[in-house]
Amino acid sequence: MISSKITKKQLVHDLKTMGIEEGEHLGLGLSFKNIGPIEGGPETFVDSIMEAVGLNGTIMLASFSIPSHVKRDYVFNYRTTPAYTGLIPEIVRKRRDSVRSKHPSNSVVVLGRLAEYLTKGHIHEDSEYEPYSRLAKAGGKILIIGIGNRLVGLRHQAQYQAGLLDKVQGNQKIKFLDDDGRIKIFTRRNWGGCVKQLNTLLPMLRKKGLVKEGHIGNAKSFLVPARESIEEIAQILKKNPEINLCNDITCLWCRQLEWKMDLYKDVERPRSFQKNPIFKYTIVAINWVRLKNLPMVTCLEEVINIKLLKNCEKKN
Ligand SMILES: [Zn+2]
């Protein structure tokens, strides 16, 4: 019987057809299962992509860990803590030649030539998204596989460059082990802004001719240059920060952003909670309490996700 599984040869071919060249530095955002069944599984996928970028190329993935409001006894150890960002980041993390940065909340794992450069000094004192900024400076690209229009690897860096992340600050505490094996506490003030609305920006990148599209296995994929795309999104957000606002009344980040920047008048189709002053002030008051007293759970959706994550943990 002929196997219907996707082979390494086919994956390398798909990657090259997408425009990936040798020596390329890639930030990856993906859903592994949407690629389809691969002969040899996730390891083969990592091998294929490393073959496509060659010895001089690099791949980088977010290996963020579980937020501490999910697990109370959690202590981040960059050497051993699993990546909660999916199967592929975890496989890359476990590879001998990969390097993981030490940032307690926003670590990345990197394989390839720029591994040292992208991860060096990315510790709790550094900007959360620094490796992405370095990838952009190095002329890297972002490859998105099978996750729709989500601009993973660009969104928060663009929000940061647009000055939006400084506007809404919290104080999430994360414990981590330092190099000497001592437990320290990192207070994360800058938490990644809400990204529910940012998928709508992909067409704008397309219009600028920045997007290459294709398929990796069965998954719809796209490739964009990191620097130009981040700059483009940052420019749009700087000019029209209201584009970033989602419609979720419980979204702490968006409701705080519109309040702090007084964006109510700029929203194209304002909701009642953006028009009615009683609503507006009530939300601001509730969110003031949330920011002061609660860990950084940003919206109802996240509460549901955390529940699912906890159930998953119990099963495993
Ligand atoms: Zn939001």
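## Strands, helices and core

In strand S8, phenylalanine 186 is the bridge partner of isoleucine 174. This is a predicted model, in which local features need pLDDT of at least 70 and side-chain atom pairs count only at pLDDT 80 or more, while totals for chains, interfaces and linings use all residues. Residues are numbered from 1 along each chain as its sequence is written.

The protein has 12 helices and 10 strands; helices (H or I, at least four residues) and strands (E, at least two) are DSSP runs, numbered from the N terminus. Two strands pair if DSSP finds at least two bridges between them.

Strand S7, residues 169-177, runs antiparallel to S8 and is joined to S8 by seven bridges. Both belong to an open sheet of three strands, whose order is S3-S7-S8 and whose pairing is mixed. Strand S3 (75-76) and strand S8 (183-190) stand at the edges with a single partner strand each, so one side of each is left without a neighbour in the sheet.

| Strand pair | Residues | Bridges | Opposite residues |
|---|---|---|---|
| S6 and S10 | 141-145 and 219-225 | five | isoleucine 144 and phenylalanine 222 |

S9 and S10 form a hairpin with two residues between them, and glycine 217 in the turn has a positive phi of about 60°.

Two packed helices are described by the angle between their axes and the distance between the axes. Helix H2, residues 41-53, packs against helix H3, residues 87-94, at an angle of about 75°, and their axes are 10 Å apart; here axes are lines fitted to C-alpha atoms, for helices over the stretch in contact, and angles run from 0 to 180 degrees between N-to-C directions. H2 is therefore roughly perpendicular to H3, a term used for angles of 65 to 115 degrees, whereas those under 35 count as roughly parallel, those over 145 as roughly antiparallel and the rest as oblique. Pro42, Glu43, Phe45 and Val46 of H2 make the contact with Leu87, Ile88, Ile91 and Val92 of H3, where two residues are in contact if their C-beta atoms, placed from the backbone, lie within 7 Å.

Which residues does leucine 61 touch, not counting residues up to four places away in sequence? They are Leu28, Thr85, Ile88, Pro89, Val92, Val108 and Val109. Leu61 is also among the residues that touch the most other members of the largest nonpolar core, together with Ile59, Met60 and Val110, and this core has 64 residues. The largest share of this core, five residues, comes from H2. A nonpolar core is a set of buried Ala, Val, Leu, Ile, Met, Phe, Trp, Tyr and Cys residues joined through C-beta atoms within 7 Å.

Buried residues make up 39% of the 316 residues in the protein; a residue is buried if 20 or more other C-beta atoms lie within 10 Å of its own, exposed if 12 or fewer, and partly exposed in between, with C-beta atoms placed from the backbone. Helix H9, residues 252-260, is mostly covered, since seven of its nine residues are buried. Tryptophan 253 is found in H9 and is buried, with 27 other C-beta atoms within 10 Å. Although tryptophan 253 and glycine 192 are 61 residues apart in sequence, they are 9.0 Å apart in space, C-alpha to C-alpha. Just after H9, aspartate 262 takes a positive phi of about 45°.
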